[in-house]
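Grab the model and work through these exercises with the viewer open. Each one sets a task and then walks through a solution.

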Amino acid sequence: MWRYFDFKHISFAHPQFFLLLLPVIALFLYEQFQKKQSTPFILSSLKNLKGQANNATASFLKFLRYTAYLFFIIALARPQLGNVNEVINSEGIDIVLSVDISGSMLAEDFKPNRLEAAKEVSKDFIENRLTDRIGIVIFSGESFTQCPVTSDKNILYDQLRNIKSGLLEDGTAIGMGLATAVERLKDSKVKSKIIVLLTDGVNNGGLIDPLTALEIAKAYKIRVYTIGVGTHDMANYPTQDQFGNMTMQQQEVQIDEELLKKIATETGGVYYRATSNQSLENIYKAIDKLEKTSIKMNSFKHYAEMFSLYAFIGIACIVLEQIIRYAIRRTIN
């Protein structure tokens, strides 16, 4: 019932009929003027009470009549409640984030460290990809699918949060990280498939050579964006002393940029070097802009006609007014 009076969402097919309110207002003002001009002087007596009752009845009858006018005009304006259905057609992109989780990713040249910085920007990246499916692969000395390709953002956030260094055998198996990401995408039916591979080191292990993984990615027409993470020159790396305690030690930053450039170039992607939290954030924003999803939206608006209720209320007011007038005439007679 309340939807009939939700005028924020009601539109009118013939709003010009609201101009009829002008003569109705003019008639009301004229009657008020006439009433003031012809107000009788009533002496104080018991008839006062009868006069007050008559005035109250007359006011109620006038209220019913003008309420009927108002609802008839609303009905003539043809109120409609709009309902919009939106059909979204999107050509989504399947994306795999392949993240290095080796011990060196705990280096503190990023705040609080490289791995946590990568997880933070990855979360923002996932949040911005509204209609795409995304998966997560982690690698160090070996690789593992942390999350298969999915459109469920909550699952992605949970799996991203669970990533930490030490989950896999230590090392940097770039070929394995790339090959596992390709495996997640190779059977995808979408037109655009991409991998964002992030690492901070030089390939030093794994069962699959990076160049072999590159050829597999090219065979499946998967575009690879590569990111080298680390400042230039020296950085604080976690190391274990002779007593088994973890300490931070200055070491030279080594990233196989030639390999990462080759992987990106030959697959149609781009290589980026991140040297700070801000530059890493900017890189993910740049990739987000380069890989735009095509979205087409068709809107269909349906209208529910609502004039009948307003007409019914107007008629009910007129009928009630006539019933009261008839009852008054019978009482007088």
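This is a predicted model: local features need pLDDT of at least 70, side-chain atom pairs count only at pLDDT 80 or more; totals for chains, interfaces and linings use all residues.

**Exercise 1: Getting oriented**

What percentage of the 333 residues in the chain is buried?

Solution. 
- Step 1: buried residues come to 40% of the 333 in the chain.
- Step 2: go through the secondary structure, and you get nine helices and eleven strands.
- Step 3: take the contacts with a separation of 6 or more; 80% of them link residues 24 or more positions apart.
- Step 4: The chain exposes about 19,400 Å², and 57% of that comes from carbon and sulfur atoms.

**Exercise 2: Into the core**

Find the largest nonpolar core and say which residues touch the most other members.

Solution. 
- Step 1: this core has 34 residues, and Leu-198, Ile-227, Leu-280, Tyr-284 and Ile-287 are the ones that touch the most other members.
- Step 2: ask which elements build it. Those giving two or more residues include the strands S3 (93-100), S4 (133-139), S6 (192-199), S7 (223-229) and S10 (271-274). The helices H3 (114-128), H4 (153-161) and H8 (277-290) also give two or more.
- Step 3: H3 hands over the largest share, six residues.
- Step 4: zoom in on Leu-280. Leaving out residues up to four places away in sequence, Leu-280 touches Phe-110, Ala-117, Ala-118, Val-121, Leu-198, Ile-227 and Ala-274.
- Step 5: A second, separate one has 27 residues, among them Val-149, Ile-222, Val-224 and Ala-264.

**Exercise 3: On to S6**

Why can S6 be called largely enclosed by the rest of the structure? Follow the strand, then the chain onward to S7.

Solution. 
- Step 1: eight of the eight residues of S6 are buried, so the strand counts as largely enclosed.
- Step 2: check the two directions. Ser-192, Ile-194, Val-196 and Leu-198 point one way, Lys-193, Ile-195, Leu-197 and Thr-199 the other, and all are buried.
- Step 3: find the pairing with S7, which is parallel and takes six bridges. Thr-199 has Gly-228 as its bridge partner there.
- Step 4: the chain goes from S6 through H6 to S7 in a right-handed β-α-β crossover.

**Exercise 4: Single residues**

Is each of Glu-321, Thr-212, Cys-147 and Cys-317 buried or partly exposed? Use the cut-off that buried means under 20% relative accessible area.

Solution. 
- Step 1: Glu-321 lies in helix H9 (residues 307-332). Its relative accessibility is 4%, so Glu-321 is buried. Ignoring residues up to four places away in sequence, Glu-321 touches Leu-61, Leu-64 and Arg-65.
- Step 2: Thr-212 belongs to helix H6 (residues 210-219). With a relative accessible area of 42%, Thr-212 is partly exposed. Its C-alpha atom is 9.7 Å from that of Leu-178, 34 residues apart along the chain.
- Step 3: Cys-147 is buried because its relative accessibility is 3%, and Cys-317 is buried because its value is 10%.
- Step 4: finish with disulfides. A disulfide is a covalent bond between the sulfur atoms of two cysteines. Search the whole structure and you find zero of them.

Technical notes: Residues are numbered from 1 along each chain as its sequence is written. Side-chain values use heavy atoms; hydrogens and water are left out. Helices (H or I, at least four residues) and strands (E, at least two) are DSSP runs, numbered from the N terminus. Buried means under 20% relative accessible area, exposed over 50%, partly exposed in between (1.4 Å probe, protein chains only). Contact means heavy atoms within 4.5 Å. Accessible areas come from the Shrake-Rupley method with a 1.4 Å probe; for residues, only the protein chains shown count as cover. A nonpolar core is a set of buried Ala, Val, Leu, Ile, Met, Phe, Trp, Tyr and Cys residues joined through side-chain atoms within 4.5 Å. A disulfide is a pair of cysteine sulfur atoms within 2.5 Å. Two strands pair if DSSP finds at least two bridges between them. A crossover is right-handed if, with the strands pointing away from the viewer, the path from the first strand over the helix to the second runs clockwise.
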